[in-house]
Amino acid sequence: MKILPSLFSPAGKNAKLSIVIYHRVLPEPDLLTGEGGIAQFEKGLSYLTNNFNILPLSEAVNKLRSGTLPGRAACITFDDGYADNAEIALPILQKHGVTATFFIASGFLDGGRMWNDTVIESVRRAKGDKLDLNAIGLGNHAIATLEQRRETLNLLINKLKYLPHEARASQVDKLSTIIAADLPDNLMMTSAQVRQLHDAGMEIGGHTLTHPILASIDDAAARTEIAEGKAKLEAIIDTPLRLFAYPNGKPGKDYLSAHVKMIKDAGFEAAVSTAWGATRQDSDMFQLPRFTPWDKSEWRYVLRMVRNMRQRIQTV
């Protein structure tokens, strides 16, 4: 099966780099969010290692620039900094002998919680068959069934995601107060887990301090988020950060050309988006595309990876 990716991802100056993206690896799949479990992650990882040459992202970027990237090159990345990355994903990566890059929003370490997880866990734990959020302009929702809770969650996330940073935080606080659920405070990594990943040979990358959509905040705030997020992680691992992931990551919507320049000015050497596609030697190394196939069979998984190599890359 390696023949097909070899045709579309040769070695050398015509090479293409595929970067896959994950967020969480749970003990079991989350039926509310659709987040995958251990079995799904291991299966996808085995498909990758069977058919692609897995490299650390920093090494792959350097080889891509110099025209020495091997054929069928791929990298593995994780976003946000969830504790299960260290607790569950790390041992699996080590078992397969591969290195991944973990992009961490450092402001949530040691007991913090991302806004979307406050919404997710609030909806998960909300009591009754109805969720009345009319008081904060978010409507009235049926939550009697799992499907209804899923629909409600998706609707709320979509309504809140692109609000201005402070307005979104205020709405999320009000939502959690109305639902009044006992929310977890152990979803994100501890500083010790960041060091654990680093000491295990994994790469640590920047992902801002509090994961704002950069295009939704002013330039001064964006620079602060980028610089402080970087500095906090560098203090934890005592190593300069070379790689960055744009929060949410859609070019032209979540980050703009001004933010690409900020990343360069901050001293990063490459950055990743969430646009689909595979990187070539002449691609912008500060807008590397990422993608993760969802197919359950190895053949379909590899075929989707190959199709992604032919995707036109979106940048700003």
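Helices here are DSSP runs of type H or I with at least four residues, numbered from the N terminus. The model is a predicted one.

**Helix α3**

- Helix α3 spans residues 57–66, and its buried residues are Leu57, Ser58, Ala60, Val61 and Leu64.
- Looking down the axis of α3, these buried residues fall within an arc of 160°, so they line one face of the helix.

**The largest cavity**

- How many cavities of 30 Å³ or more does a search of the whole structure find? The search finds 1.
- The largest cavity has a volume of about 30 Å³.
- Its lining is made up of Ser58, Val61, Asn62, Arg65, Arg242, Leu243, Glu269 and Ala270.
- Helix α3 gives the most to this lining, with 4 residues.
- By type, the lining of the largest cavity divides into 3 nonpolar, 2 polar and 3 charged residues.
- Two of the lining residues, Ser58 and Val61, are also among the buried residues of α3.

**The second largest pocket**

- About 240 Å³ of space lies in the second largest pocket.
- Two elements give two or more residues to the lining of this pocket: α5 (115–125) and α7 (165–179).
- Which element supplies the largest share of the lining of the second largest pocket? That is α7, with 6 residues.
- Among the residues lining the second largest pocket are Phe108, Arg113, Met114, Trp115, His165, Arg168, Asp173 and Thr210.
- The lining of the second largest pocket holds 5 nonpolar, 4 polar and 3 charged residues.

**His207**

- You will find His207 in the loop between β7 (203–206) and α9 (219–237).
- Is His207 buried or exposed? His207 counts as buried because its relative accessibility is 0%, and the cut-off for buried is under 20%.
- The side chains of His207 and His211 are joined by a polar contact of 3.2 Å.
- Leaving aside neighbours within four places in sequence, His207 is in contact with Asp79, Asp80, Phe103, Ile104 and Ala105, and also with Phe244, Ala245, Tyr246 and Pro247.

Key
Residues numbered from 1 in each chain as written. Predicted model: local features only at pLDDT ≥ 70, side-chain atom pairs only at ≥ 80, totals over all residues. Heavy atoms only, no water. Buried < 20%, exposed > 50% of the residue type's maximum accessible area, 1.4 Å probe, protein only. Polar contact = N/O pair within 3.5 Å; in protein donor to acceptor, adjacent residues only side chain to side chain. Contact = heavy atoms within 4.5 Å. 1 Å grid on protein atoms, 1.4 Å probe; cavity = no way out; pocket = protein on both sides within 12 Å on 5 of 7 lines; lining within 4 Å. Points joined across faces, edges and corners; volume = space filled by probe spheres on them. Nonpolar A, V, L, I, M, F, W, Y, C, P; charged D, E, K, R; others polar. Arc of directions from axis to C-beta.
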